Structure formats: structure tokens, C-alpha cells
Amino acid sequence: MKEWGSFDTITKGKGVWLIDSKGNKLLDGVASMWCNVWGHSNPELVKAITNQSKKLQHAPLFNLTNEPAEKLADNLVKISPGMHKVFYSDNGSTAMEIAIKLALQYWKNIGDEKKTEIATLKNGYHGDTFGAMSVGFVPEFFGKFKKQLFSTIQFSVPNKYRIPKGFTFLDYQNHCLENIEKRFTKNSNIAAFVMESGAQVAGGVMIYPKGFQKKISNLCKKYNILFVLDEIATGFGRLGSMVQYDEQKSIPDIVAFGKMLTGGYLTMAATLTNKKIYDSYLGEFNDWKHLFHGHTYTGNPIAAAVANENLKMYKKNNLIKKIQKTSKIFEKFYQEISEIDIVGDIRHKGMLMGIELVTSKKKKTPIHPKKSINKIFFEEGKKNGIYLRTLGNIVMLVPPLAISEKELDFLLNRTIKTIKAAKSKLVNC
Ligand SMILES: Cc1ncc(COP(=O)(O)O)c(C=O)c1O
């Protein structure tokens with residue numbers, strides 16, 4: 001932390017650009033923490049916020065409701081196959097806390113006291129609160145709290161770049177799935193399987209092989225385990241489809257959305273459940289089947305109004321189609337990026353790319369300098385007019401979803417320059 005000294009102050013945002021107090025312009029290469037959709041200061045989204053803020057700024061969603069939140073719930077259920085009801089919160093971590101609680105309490109609501117364990121994938125990330133940390137586990141982030149986290153059953157994700165000796169990639173996928181099934185057959189206490197949908201993002205941009213997620217969802221059905229998906233970073237078009245589980249043909253029991261829900265303008269998240277889960281909470285008052293969970297800003301009308309406008313714009317602008325076309329620009333740069341001698345692997349899907357840096361292409365040793373890779377990339381990126389953040393040894397490219405082809409071309413060209421410039425600094429420290 002000490003290495004940063006002070007931070008630049010961002011005073012304005014316009015389109016894909018962030019502008020600091022000295023007038024420097026940086027292309028927002030991480031969509032302001034993976035949530036920006038239309039760029040900054042979009043007039044339609046700003047108007048939705050100002051219009052709603054003149055009518056009702058906040059009112060409780062306890063015993064009451066409000067129009068924008070009701071409308072948003074309808075909109076979310078419409079785009080999410082198999083889902084029935086929505087539970088609001090203010091950020092992705094809380095949406096996942098709710099998902100975990102809903103899944104655990106479901107079994108109690110239907111009178112099964114034994115199902116209390118949670119299965120997950122290794123290296124998942126679901127947020128920074130204790131429940132979310134427990135169901136994920138990126139060692140660098142959470143290691144210091146390991147003792148305080150509740151235990152989960154963790155399974156490997158097949159990583160094409162690091163296939164264990166003696167396996168083909170397909171063998172390894174099957175091996176991972178067999179391990180899951182073996183455990184399921186022996187343990188009838190598993191309440192839920194929690195995983196990111198489509199890819200693990202913070203855990204190193206691990207894009208699942210085709211069919212992997214679907215097979216896990218089928219195993220969950222076969223062994224009577226709830227299937228809980230986290231689409232906070234991967235839904236809403238990030239991986240090229242509106243709802244990633246739809247593309248993966250794996251309808252969950254519970255799913256969480258966040259980040260891009262409001263276009264990246266206000267803080268809001270949503271946890272959706274199917275009818276089976278919802279109905280289990282409908283007991284009489286004295287049955288105590290209610291979910292005791294609520295946040296102050298749950299269902300905030302301004303956040304809901306901007307989320308509704310955001311969804312309207314997805315449709316009006318055919319955003320998913322546009323993303324599918326624009327994201328092809330990434331492919332144009334595969335060759336040039338992979339030729340850089342510290343680049344070990346490129347992982348890309350839709351509007352997400354992870355570039356893994358290694359000290360040796362042959363040994364695939366992750367680059368691990370004494371100095372902060374993140375700071376080196378931030379500084380070199382800034383010289384090149386782009387805002388970049390790395391996660392460990394992975395350079396993350398997560399641009400605003402509506403970025404133009406020309407702007408994405410610029411981001412990729414400048415990223416290549418940045419990696420080349422950072423190289424000497426990374427190798428010499
Ligand atoms: C997959 C996933 N789930 C949950 C979260 C937590 O969201 P938030 O930072 O809004 O709490 C994140 C954040 O990056 C995420 O990537």
C-alpha cells in the first residue's frame with residue numbers, strides 16, 4: 001500500500017474516458033471495476049437518475065414497495081429463464097450472502113435439517129464479506145482470514161493452460177467432473193453448489209470449457225443439490241450473452257446479478273430465485289420461514305430507475321449483438337500479444353480478456369516480482385493513455401460493454417505497448 005503515495009483524482013468521465021484533475025484522459029480499460037456499460041455521463045442514464053431523484057429518493061422495501069423496484073423485478077424475471085422472484089441488495093457481495101442464506105434456509109424451510117454443507121469451485125470469487133469469501137477462495141485475497149471462514153467442499157476447475165501430466169484436456173475435464181460426482185454420491189448433506197457462471201473472473205479469467213457448467217448443473221439435479229450461480233461479473237453481456245446461464249444451458253435455482261445492472265452508475269444488486277425456493281418461504285407468520293435479511297438501501301428507487309433505463313437501452317441498441325461483433329477485435333490481437341516473451345496465455349470471451357504473464361513460456365512460471373505488478377501496469381498504462389488494473393500476474397481487459405471498435409482497437413494497441421514497456425521493470429525487480 002505504501003508504494004502508492006497518493007492517487008490521481010478523477011473529476012470527470014465522458015464516454016469510455018476517465019479525466020483526472022490535471023486534464024489527463026485515460027481509456028477506462030476495466031469499465032470502472034467491470035460495471036460500466038455505456039460509458040460515462042450517458043445522457044439517458046443521467047436523465048433517468050435526475051427524473052427519479054425529483055420524485056422519490058429512497059423509501060423502505062420493508063412492508064412497502066416502490067414503482068421502479070417493482071418494474072425492475074418484472075424486467076429481471078423476464079430476461080432470466082426459470083426465475084420467479086427478486087431479492088434486492090446493494091452490491092455483489094451482499095447479493096451472494098443472500099444467495100447462500102436463501103439456499104441454506106430453503107432446506108430448513110422444507111424440514112431437511114441435514115443439508116448444511118456448500119460445494120464450490122477452487123479459486124472462485126464471490127465478494128469480500130465473510131460468507132462470500134467462504135464460498136470463494138482466492139488465496140492471495142483471503143488467506144489472512146482463513147480461520148474465520150466457514151468450510152466448503154472445493155473442486156478443481158479444468159485449466160487448459162496447466163493440464164496435469166498424463167491427461168489430455170478432455171480427460172482432465174472428465175476427471176474434474178468425476179471427482180464432483182464421487183463426492184456427491186458419498187455426501188447427502190450438500191445443500192448447494194455455488195459457482196461463477198461462464199468463467200471465474202477474479203480467480204484469473206478461467207473460462208470454463210464447453211459443457212462443464214451444464215454437467216455440474218445436471219449433477220446437482222441428479223443428487224438433489226441446489227445450483228447457485230454468480231453472474232455478477234459475467235452476466236449482462238460481459239461474456240457475450242445477456243444471461244450467461246442461458247448460453248451454458250444450465251438453469252440455476254438461485255442467481256445473482258450486480259455490477260452492470262445499473263449500467264455501472266449506482267450501487268445495486270439482485271438475487272433471483274425459482275418458484276420452488278420462493279414458495280418454501282411462504283409459511284404462516286408463526287412458522288418462521290421468513291428470510292431475516294434486509295439492507296437499508298434495498299430496492300432503492302433511483303438505482304432501480306437507472307437499471308430499468310439501462311435494460312431498455314440494451315434492447316433499443318441491440319447491445320448483445322453489438323458486443324458479439326465488437327469483441328472480435330480482441331481476436332485480431334491474439335498473435336501479437338502472444339508473441340511477447342512474458343505472455344504465457346491469453347484467455348478471452350466476449351468483453352473479457354486475461355493476459356497471463358510468466359517468467360518462462362516453457363515452464364509457465366507466473367511472474368512474481370518484488371514490486372507491485374499492478375502499480376507498474378497502472379503507471380505504464382497511464383503513459384499510454386489507458387487505465388489498467390492487474391490481478392496477480394494477469395492483465396485484465398474488461399472495457400465498457402458499448403465501447404466502439406475503434407476505441408477497443410486503441411485499448412489493445414496501447415495494452416501491447418504497456419506490456420512491452422512494463423517488461424523491463426518486471427524482469428529487473
Ligand atoms: C463474480 C463476482 N461476484 C461477486 C463480486 C462482488 O461484488 P461487489 O464488489 O459489488 O461486492 C464480484 C466483484 O468483483 C465478482 O466478480
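Visitor: Which strands form a hairpin with 2 residues between them?

Guide: β17 and β18 do. Gly392 sits in the turn, with a positive phi of about 60°. Keep in mind that this is a predicted model.

Visitor: In which sense do β17 and β18 run, and how many bridges join them?

Guide: The general idea comes before the case. Strands of a sheet pair through backbone hydrogen bonds, either parallel or antiparallel. Strand β17 (residues 389-391) runs antiparallel to β18, and 3 bridges join them. Leu391 stands opposite Ile394 in β18.

Visitor: Which strand does β18 join over 4 bridges?

Guide: That is β14 (residues 352-360), and β14 and β18 run antiparallel. Here Gly354 is the residue opposite Met396 of β18.

Visitor: Which way do the residues of β18 point?

Guide: Ile394 and Met396 point one way from the strand (residues 394-397). Val395 and Leu397 point the other way. All four are buried.

Visitor: Now the open sheet. What is the order of its strands?

Guide: Seven strands, read as β4-β12-β11-β10-β7-β5-β6, with mixed pairing. β4 (85-89) and β6 (153-155) each have a single partner strand, so one side of each is left without a neighbour in the sheet. From one strand to the next, the twist averages 20°.

Visitor: How do β7 and β10 pair?

Guide: In the parallel sense, over 5 bridges. The residues are 190-196 for β7 and 226-230 for β10. Phe193 has Phe227 of β10 as its bridge partner.

Visitor: Which strands does helix α8 touch?

Guide: Helix α8 (residues 212-222) packs on the sheet and touches β5 (117-121), β7 and β10. Its direction makes about 150° with that of β10. Helix α3 (residues 67-79) also packs on the sheet, where it touches β4 and β12 (269-273). The direction of α3 makes about 125° with that of β4.

Visitor: Next, the nonpolar core. Which residues touch the most other members of the largest one?

Guide: Phe184, Phe193, Ile216, Tyr314 and Leu357, in a core of 86 residues. Take Phe184. Not counting residues up to four places away in sequence, Phe184 touches Ala119, Phe155, Ile190, Phe193, Leu219, Cys220, Tyr223 and Ile225. There is also a second, separate core of 23 residues, which includes Ile98, Ala103, Ala191 and Val194.

Visitor: What describes a pair of aromatic rings?

Guide: Two quantities: the distance of the centres and the angle of the planes. The count in this model comes to 20 aromatic pairs. One of them is Trp4 with Phe7, 5.7 Å centre to centre and with 50° between the planes, a tilted pair.

Visitor: Are Trp4 and Phe7 buried or exposed?

Guide: Trp4 is buried, because its relative accessible area is 18% and the cut-off for buried is under 20%. Phe7 is exposed, with a relative accessible area of 54%.

Visitor: What kind of pair do Phe378 and Tyr387 form?

Guide: Edge-to-face, with 85° between the planes and 6.1 Å centre to centre. Both residues are buried. Ring pairs link Trp4, Phe7, Phe378 and Tyr387 into a cluster.

Visitor: Which charged end sits over the ring of Trp4?

Guide: That of Lys375, 5.8 Å from the ring centre. In another case, Lys85 lies over the face of Tyr278, at 5.3 Å from the ring centre.

Visitor: Back to phi. Which residue other than glycine has a positive value near 65°?

Guide: Asn123. Its place is in the loop between β5 and α5 (130-135). Asn123 is partly exposed, at 27% relative accessible area. Lys364 is not a glycine, and has a positive phi of about 60°. Lys364 lies in the loop between β14 and β15 (365-366). Lys364 is partly exposed too, with a relative accessible area of 30%.

Visitor: Last, a contact across the sequence. How far apart are Phe169 and Pro209?

Guide: 40 residues in sequence and 9.4 Å in space, C-alpha to C-alpha. Phe169 belongs to helix α7 (residues 169-186). With a relative accessibility of 17%, Phe169 counts as buried. Leaving aside neighbours within four places in sequence, Phe169 is in contact with Pro158, Asn159, Lys160, Ile163 and Pro209.

Notes
Residues numbered from 1 in each chain as written. Predicted model: local features only at pLDDT ≥ 70, side-chain atom pairs only at ≥ 80, totals over all residues. Heavy atoms only, no water. Pairing = 2+ DSSP bridges. Axes fitted to C-alpha atoms, helices over the stretch in contact; angles between N-to-C directions. Contact = heavy atoms within 4.5 Å. Phe/Tyr/Trp six-rings, centres within 6.5 Å; stacked < 30°, edge-to-face > 60°. Buried < 20%, exposed > 50% of the residue type's maximum accessible area, 1.4 Å probe, protein only. Lys NZ or Arg CZ within 6 Å of the ring centre and 35° of its normal. Core = buried A, V, L, I, M, F, W, Y, C linked by side-chain atoms within 4.5 Å.
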